[in-house]
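Here's a quick briefing to read with the structure open beside you. Take it topic by topic, and click along as you go.

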Amino acid sequence: MSRVAEVPPAGVAEEAVDWKIKFYKFLQDFRDTSGNFKYRERVFRMAHMMQKSLVVDFSDIILYDRALARHIEEEPDQALEEFSSALAEYLRKEQPEYAEVAGRVYARIRQPPRVLKIRELTSDYIGKFVAIEGIVTRVTRVEAKLVKAHYVHITPEGALHEFDYPEQGEMGERIEKPVVCPVCGRTGRFELVLEKSKFLDWQKIVVQERPEEIPPGQIPRSIEVVLTGDLVDSARPGDRSLITGILRVMPTQAVQKASGRSVFSFYIEANHVDVQQKVLEEIEITREDEEKIRELAKDPWIREKIIASIAPSIYGYYDIKEAIALLLFGGVPKLMFDGTRIRGDIHVLLVGDPGTAKSQLLQ
Ligand SMILES: [Zn+2]
Ligand SMILES: [Zn+2]
């Protein structure tokens, strides 16, 4: 976020569009089709639920001002910074008590018009706002990323000069130190004081292509996605999710910096995560559901009905459908007297000639 120059180059300043004001006006003036001030209401709710983020639908921005939407797509670093600072200002005006305690707030944008396949992400999109859809396969533990360092300059005379760095914005990928002490203007040694520095929750997840997107005969591709702040822990392995963010590159290996190799790998710095399909255990079975299930269980043909409900558009393959039905239900884990556990879920290996509807059946 510190990548954006604070001062525009001379001569450009007069003509430059004030995007921040446009974002502010969007929050204040946008009305949905029924005439409601959608974001006034969302900001109100955000303040009352003490949330750090405001979720904005991309389609609303397109409807409101196409240039603003294009600004987000083309210069997302700058645009998201402006949008978030417009949001902070709007909060200060409309919800001053919450603004006082909120700290940093974020504008998060969901449902963009175009969702890319993971294998469509090319270097053309570096630094652009992108959206991908996939299945979360790996989630790291939450770590803390240094965003503002607190340094102490111990002068030769033994005085202590304390300051925060960077003064504006946030620390980049690497820990940086100023060239001279901002208090006295001299060079010297600056000690980092971790206890007084500011950190942001940080987590990396791996998102893999959806099975239906993988071309035949190819292995699935995946991409790393970095989640920060309130996005941390928003997705779990197995979740199908739609992620928006900025495509970035990082060195492929730690040793690369030394060797100077010029190949980098892609990752996405997430702006918003929409989990579309929670993993199975998240589904809550209500009393009514339970009654219905018990009712259905009394049906003498229920086994056949369930099997027939699997891939109904594919004719035949009754035994395969039966195996898939059993796989979906799973078994019961058993604990043997000697303490060994026999797992309850069933693994199925489907072998067959090409073109015999194997992958259609497994969807
Ligand atoms: Zn400090
Ligand atoms: Zn100093």
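Let's start with leucine 194, which is partly exposed, at a relative accessible area of 47%. Keep in mind that this is a predicted model.

**A nonpolar surface patch**
- Leucine 194 sits in the loop that runs between β6 (190-192) and β7 (198-208).
- Together with Ile175, Leu192 and Phe199, Leu194 makes up a nonpolar patch on the surface.
- The accessible area of these four residues together comes to about 360 Å².

**The zinc ion**
- Which protein atoms are the donors of the zinc ion (ligand 1)? They are ND1 of His150 and OD of Asp164, at 2.1 to 2.2 Å from the zinc ion.
- Histidine 150 belongs to strand β4 (residues 143-154) and aspartate 164 to strand β5, so the pair ties together parts that lie 14 residues apart in sequence.

**Backbone details worth a look**
- Tyrosine 165 and proline 166 are joined by a cis peptide bond, with omega at about -5 degrees.
- Proline 166 is in the loop between β5 (160-165) and β6.
- Methionine 50 isn't a glycine, yet its phi is positive, near 55 degrees.
- You'll find methionine 50 in the loop between α2 (38-48) and β1 (53-57), and it is exposed, with a relative accessible area of 56%.
- Alanine 311 also isn't a glycine and has a positive phi, about 40 degrees; look for alanine 311 in the loop between α9 (302-308) and α10 (318-329).

**Strand β1 and its partner**
- β1 is mostly covered, with 4 of its 5 residues buried.
- How do β1 and strand β2 (residues 106-110) pair? They run in the parallel sense, over 5 bridges.
- Within this pair, valine 55 stands opposite arginine 108 of β2.

**Domains**
- The protein chain is divided into domain 1 (19-110), domain 2 (118-142 + 201-281), domain 3 (147-198) and domain 4 (284-362).
- Domain 2 is written as two segments, 118-142 and 201-281, and domain 3 covers 147-198.
- How far apart are the C-alpha centres of domain 3 and domain 4? They lie 61 Å apart.

Definitions and conventions
Residues numbered from 1 in each chain as written. Chains lettered and ligands numbered in written order. Predicted model: local features only at pLDDT ≥ 70, side-chain atom pairs only at ≥ 80, totals over all residues. Heavy atoms only, no water. Domains from an automatic or database assignment. Patch = residues over 30% accessible without salt bridge, like charges linked within 9 Å, V, L, I, M, F, W, Y side chains within 5 Å. Areas by Shrake-Rupley, 256 points an atom, 1.4 Å probe, with all protein chains shown as cover. Salt bridge = Lys/Arg side-chain N within 4 Å of Asp/Glu carboxyl O. Helix = DSSP H or I, 4+ residues; strand = E, 2+ residues; numbered from the N terminus. Buried < 20%, exposed > 50% of the residue type's maximum accessible area, 1.4 Å probe, protein only. Pairing = 2+ DSSP bridges. Donors = N, O, S within 2.8 Å, 3.2 Å for Na, K, Ca; no water.
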